[in-house]
Amino acid sequence: MVNFQCPYCGVGCGLYLDERGRIKGDFEHPANLGDLCKKPIYFPKVLDKGRIEKPLYRETKGEPFREISWEEAYQILAEKLQSVPSDRVYFYVSGQLLTEDIYVINKFVKGFLKTNNIDANSRLCMATAVTAYKMAFGSDGVPCTYEDIDDADIFFFFGSNAAVSHPVLFKRVLKRRRQTQQVVIVTVDPLETETAKKSDLFIQIRPGTDTAFLNSVLYVLHREGWIDYSFVSKYTEGFEEALKQAQNFPPEVASEICDVKEEDIYVVAKLFAQGKKVISFWCQGFNQSVNGTMKNLALINLHLATGRLNGRGCPFSLTGQPNAMGGREVGYLSNGLPGYRDVRNEKDRRAIEEFWGLEGIKENPGPTITEAVDLILEGKIDLLWVVCTNPAVSLPDLEKVWKALDKVFLVVQDAYFNDTCEFANLILPAAQLGEKEGVMTGSDRTITFCKSFARPFGQSKPDWLIFTELAQRMGGGEYFPYRSPREIFEEFKRTTKGRLCDISRLSYEDLPARWGKRWLYEDLKFPTPSGKARFHPAVLNVPKEEGEFILLTGRLKDQWHTMTRTGKSPELLKGELPPYVIMNPYDAQELGIEEGQEVVLSSKGSKITRVVRFGNVKRGCIFAPFGYPKELGEPTNLLTSDRVDPFSKEPDLKYSGVRVTLYARLSPSSDLPSEPRPSEKVRS
Ligand SMILES: Nc1nc2c(c(=O)[nH]1)N[C@H]1C(S)=C(S)[C@@H](COP(=O)(O)OP(=O)(O)OC[C@H]3O[C@@H](n4cnc5c(=O)[nH]c(N)nc54)[C@H](O)[C@@H]3O)O[C@H]1N2
Ligand SMILES: Nc1nc2c(c(=O)[nH]1)N[C@H]1C(S)=C(S)[C@@H](COP(=O)(O)OP(=O)(O)OC[C@H]3O[C@@H](n4cnc5c(=O)[nH]c(N)nc54)[C@H](O)[C@@H]3O)O[C@H]1N2
Ligand code: SF4
Ligand SMILES: [Mo]
């Protein structure tokens, strides 16, 4: 029996491979108690399909790739990195790497190369939740744990399709509802998702307007005398300012802005006031928005106003990727350092410099990934190294991204051939989960050790080893002496001693284990200057967009993101092809569009073609899954803009104006997209 954490979502289920090579849920793992969903079951079958086998290189983009040895690859990299100033190189990493991988990469970049030019795909994902948690509580990390589900009675899902995105967690909530009559599940989403269908109340909100809705709930709480003033005065600050902002949104105003019933606002307030224990889950419908941090804060305000923490509730941000939490512990964003430290803090910098024996960590955070794309186009970054993420599909405004990927000297370190490889100069084969060992941290802070069950495919190597061997060839052997992931873990854990995420006493043998207490702020003392949690006035900002429809984007049920792994499994492709969009039948009728027909979505000169499925999406909105790679159709992100939330710099991937036209009505000469139609490409 080989135990490991699921390589997919942030629920972080403990799995094992049984004697017959089948994947099963681990009954002893606290995250899933034996449960699992469909995606990982097919993992062993796709382990070897479409893999990168050897390092591949070409000096210029027009040439064909040639196979090279690892030694040559390291030589090329060492030469490049030593000839280009460190502020002209950039690293883009991922919440799907192991903690040991990221620790080494982060040390290599921030400590050894002495640049903070590094970001992770978490920028597209959790950056907003991290920002809001820090603003409200002074620190990041989910305040409660999965066990809190088992005795809660009110569950909110805000901009989260957990039935699809976090299935095992959602099943735990449904199980709780089967046990007790009092349980109420409420979903707030412009689309009637699977989560919405299984809820007791579905509030079909106009996208982008959640801040108005939540402010209005605070308004009602105040009007009805439902504020927990004793909690507010003892443990929080800033209530008056937040309330003042909320006063702009009486239900009759907010219901107009959000296009919801006034009564729904009242019901949500009442549940907050009168429920026994209230858990609010949220995810990308909140985070990926220009107004994202404000949406997060408006929700946290409700928890503070009603004292909904610890035994009485929790604002619970759902983590997307399996080790985004580990990334936070290691500090892999452009401002982070190990042990929840920050480059902007002199004490933090000194502590890590001393620990690493490497001086000169830069004080200013590096640019974010969308800023780096601009810097490449401006000729200010020469080398981009992408590890474990597929920006050629997943970043917004792809026309621009593709230009940048084409321009820069690009290193792609991945397990599978993906769309980003097409732009690469150097491709490095990475071993994936199952072929390497190390730890990951799930949504509720539980760390799991992942054992390996297969040899690295072809000449692939674990990500930590690639950076270790390169550092050794660049004269850094003293700082990168690692021969095993355990040595890295042992080093990393010492950086956490005395910190919020203290794991200094844990060894691989103790895992799975959670860091922090069950409730992160058990004593209601918060790591803010005053020790109190902070309300923030939540200011509404809905962007103006052109086009008749607002494009919402999101996930496929049985596929993982850009489909490099799950797309190799026929079982997991069933039902997801051909690439589709969800339209409201009434909107479709007005445009003379029928279910099953192909439509072209266009915006600012970019176009994608999709097959129409009907569903209950808010009128005037259209929903498109974002992960389809080029091979299956034009990627959705050709249509999204790189407009970002001003606080978290997370792109707004869920609000783009588009035009929708029936394919058959386009004139062949000018209007048709250059790519073949989905129906021609996909023989499903
Ligand atoms: N429009 C729109 N765009 C979005 C989103 C959206 O909702 N709408 N969501 C955003 C979010 S939240 C996210 S998290 C991103 C996800 O976007 P990506 O990170 O680009 O998506 P993945 O397909 O998960 O890419 C992971 C890559 O890592 C590779 N890989 C797997 N294991 C390993 C390993 O161990 N080592 C290495 N080196 N490589 C490995 C895989 O083959 C794959 O190429 O997309 C974002 N983009
Ligand atoms: N099957 C599967 N599961 C996954 C993943 C996957 O690729 N496939 N990826 C994982 C990752 S990295 C992540 S980040 C999570 C993401 O998990 P989720 O956030 O649950 O997934 P999404 O489908 O991106 O978006 C959720 C919902 O937000 C809604 N939404 C859009 N705009 C708004 C708005 O303005 N307000 C509100 N209230 N809602 C809005 C959308 O209609 C959508 O139903 O999933 C994780 N789990
Ligand atoms: S719920 Fe998430 S972590 Fe659990 S088995 Fe499914 S994809 Fe994996
Ligand atoms: Mo994500």
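This passage describes the surroundings of two ligands in a predicted model. Local features were considered at pLDDT of at least 70 and side-chain atom pairs only at pLDDT 80 or more, whereas totals for chains, interfaces and linings use all residues. Residues are numbered from 1 along each chain as its sequence is written, chains are lettered from A and ligands numbered from 1 in the order in which they are written, and side-chain values use heavy atoms, with hydrogens and water left out.

Ligand 1 is surrounded by 33 residues, of which Asn 390, Ser 394, Asp 414, Thr 562 and Asn 637 are the closest; a residue is counted as near when one of its heavy atoms lies within 4 Å of the molecule. Because domain 1 (2–123 + 322–514) and domain 3 (549–681) both contribute residues to this shell, ligand 1 lies between them, the domain bounds being taken from an automatic or database domain assignment. By class, the shell holds eleven nonpolar, 16 polar and six charged residues, where Ala, Val, Leu, Ile, Met, Phe, Trp, Tyr, Cys and Pro count as nonpolar, Asp, Glu, Lys and Arg as charged, and the others, Gly among them, as polar.

Polar contacts to ligand 1 (pairs of N or O atoms within 3.5 Å) involve side chains of the protein: an N or O atom in the side chain of Asn 121 is 2.8 Å from an oxygen atom of the ligand, and one in the side chain of Lys 654 is 2.9 Å from an oxygen atom of ligand 1. A polar side-chain atom of Trp 560 lies 3.2 Å from an oxygen atom of ligand 1. On its own, ligand 1 has 920 Å² of accessible area, and the protein covers 99% of it, with areas computed by the Shrake-Rupley method and a 1.4 Å probe.

Around ligand 2 there are 34 residues, and the closest are Ser 165, Asp 189, Gly 208, Arg 555 and Gln 559. Ligand 2 lies between domain 2 (127–317) and domain 3 (549–681), because both give residues to its shell, which comprises 13 nonpolar, 14 polar and seven charged residues.

For ligand 2, polar contacts are made with the protein backbone: a nitrogen atom of the ligand is 2.7 Å from a polar backbone atom of Ser 165, while a backbone N or O atom of Val 188 lies 3.1 Å from a nitrogen atom of ligand 2. A polar backbone atom of Val 164 is 3.4 Å from a nitrogen atom of ligand 2. Taken alone, ligand 2 exposes 910 Å², of which the protein buries 98%.

Technical notes
A polar contact is a pair of N or O atoms within 3.5 Å; within protein, one must be able to donate a hydrogen and the other to accept it, and residues adjacent in sequence count only if both atoms are side-chain atoms.
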